[in-house]
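Here is a short tour of a structure for you to follow on screen.

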Amino acid sequence: MLIERADVIVTSPGRNFLTLKITTDDGVVGYGDGTLNGRELAVAGYLTDHVVPLLIGRDAHTIEDTWQYLYRGAYWRRGPVTMAAIAAVDTALWDIKAKVAGLPLYQLLGGASRERCLVYGHASGKDVPELFDSVREHLEEGFRAIRIQTGVPGLDSVYGVASSAAASIGDDTRYDYEPARRSALPAEESWDTRAYLRHVPSVFEAVRGEFGEDIALLHDAHHRLTPIQAAKLGKSLEPYDLFWLEDVTPAENQEALRWVRHHTTTPLAIGEVFNSVWDYQHLIREQLIDYVRSPITHAGGITSVRRIMDYAAMYQVKSGMHGPTDVSPVGLAAAVHLGLALHNFGIQEYMVHSEQTREVFGPTYEFALGGLRPSEEPGLGIHFDDDLAAKYPYERAYLPVNRLQDGTIHDW
């Protein structure tokens, strides 16, 4: 079964997505997600100019060989653009293989290890009362795990908070959150670390006081802290029994996590900006983290992320895959299929896509009882509408830039 076509589709139903559609010579179609928030066209160019010409005429069933061919053959390895492009190919080929087999994808990955994948939603608000409203909405929807983010007194806009001006996508839609803003230039936000460190513990004290001990609570520091600041935050949040504390310090400085780990028992999650098993080698082997955050979309696809998780399982480290709205329903479906099969699955981030997005991609996974489960139809369970996708052309959008109060670009 040979690859006959590979179409790179950039569409923007509420936000930008990059989808790879691979068609075999006997008409089987598979979809992959290569979305890279704010850099979608870089991945589109990489696929169109350098990858698609290599795919035509290849056997669609040789997934591992194709992965190695694209990863090693280019000489220039890793990096978000390359790995997102490889992820799109890899996921589409798994979709094809499962369709040919007549099975939902998770069955080809070893079968189900659980009934459904526990997910967490995003609750946020400019202040504590607004945050409480968001938490209640998530509880009413059935979430059992919730990420908690609020505004910080004295700051006009905070990344990760839906009510922030930078979270606007140009209409009344509330994503908790969608920070990519449609504009010619990135939005800029000011930041005050001391105010943040003073404020966050009081927020979790209030949430526990209002909603009790049963909800799994998570928090994302978005790489904003130095190692000593991160250790201080983790220690101050210990009384509130967090499921995890995410991205406390810039992930490139992996030695920093040793300092944090030695000063707090709060579980640590990191890695949404990592894109290969090599990025995790030290962190996992030294058990400096508890959860791996890389999404299938940005880390080389199902083949690559399964490799990461097999390594992580040796050290009792679990999955916590990144799942914002800039991972398309294709990428989320792939994560749910893999998560259902993984022995060391932990939790899946789940931001509900806009109605426009769901109409274009036609996902069939189901949310119930605080978790996601894929459908039983063959493949990923995606029904992509090419004609509808064409009605939503690409619009330039960027993630915001952080500045300290003295005007310095902040390292996050």
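## A histidine to start with

Is histidine 282 buried or exposed? Keep in mind as you look that this is a predicted model.

The cut-off for a buried residue is under 20% relative accessible area. Histidine 282 has a relative accessible area of 17%, so histidine 282 counts as buried. You will find histidine 282 in helix 9. If you set aside the neighbours within four places in sequence, histidine 282 is in contact with Gln254, Glu255, Arg258 and Leu288.

## Helix 2 and its covered face

Helix 2 itself spans residues 63-73, and its buried residues are Ile63, Thr66, Trp67, Leu70 and Tyr71. Looking down the axis of helix 2, you would see these buried residues within an arc of 120°, which means that they line one face of the helix.

After helix 2 comes tyrosine 75, a residue with a positive phi, near 70°.

## Helix 1 and its bend

Where does helix 1 bend? The place is threonine 48, and the bend there is about 40°. The buried residues of helix 1 are Glu40, Val43, Ala44, Tyr46, Leu47, Val51, Val52 and Leu55. They pack against two strands, strand 1 (3-11) and strand 2 (17-24), and against helix 2 and helix 3.

Helix 1, too, is followed by a residue with positive phi: glycine 57, with a value near 90°.

## Empty space inside

Rolling a probe the size of a water molecule over the atoms shows where empty space is left. How many cavities of 30 Å³ or more does a search of the whole structure find? There are five, and the largest cavity holds about 90 Å³ of space. The lining of the largest cavity has 14 residues, and those closest to its centre are Gln149, Thr150, Tyr196, Val200 and His219.

Which element gives the most to this lining? Helix 6 does, with four residues. At least two residues of the lining come from each of strand 5 (145-150), helix 6 (193-211) and strand 8 (216-220). By residue type, the lining of the largest cavity has nine nonpolar, three polar and two charged residues.

Key: Residues numbered from 1 in each chain as written. Predicted model: local features only at pLDDT ≥ 70, side-chain atom pairs only at ≥ 80, totals over all residues. Heavy atoms only, no water. Buried < 20%, exposed > 50% of the residue type's maximum accessible area, 1.4 Å probe, protein only. Arc of directions from axis to C-beta. Bend = angle between axes of the 7 residues up to and from the residue. Contact = heavy atoms within 4.5 Å. 1 Å grid on protein atoms, 1.4 Å probe; cavity = no way out; pocket = protein on both sides within 12 Å on 5 of 7 lines; lining within 4 Å. Points joined across faces, edges and corners; volume = space filled by probe spheres on them. Nonpolar A, V, L, I, M, F, W, Y, C, P; charged D, E, K, R; others polar.
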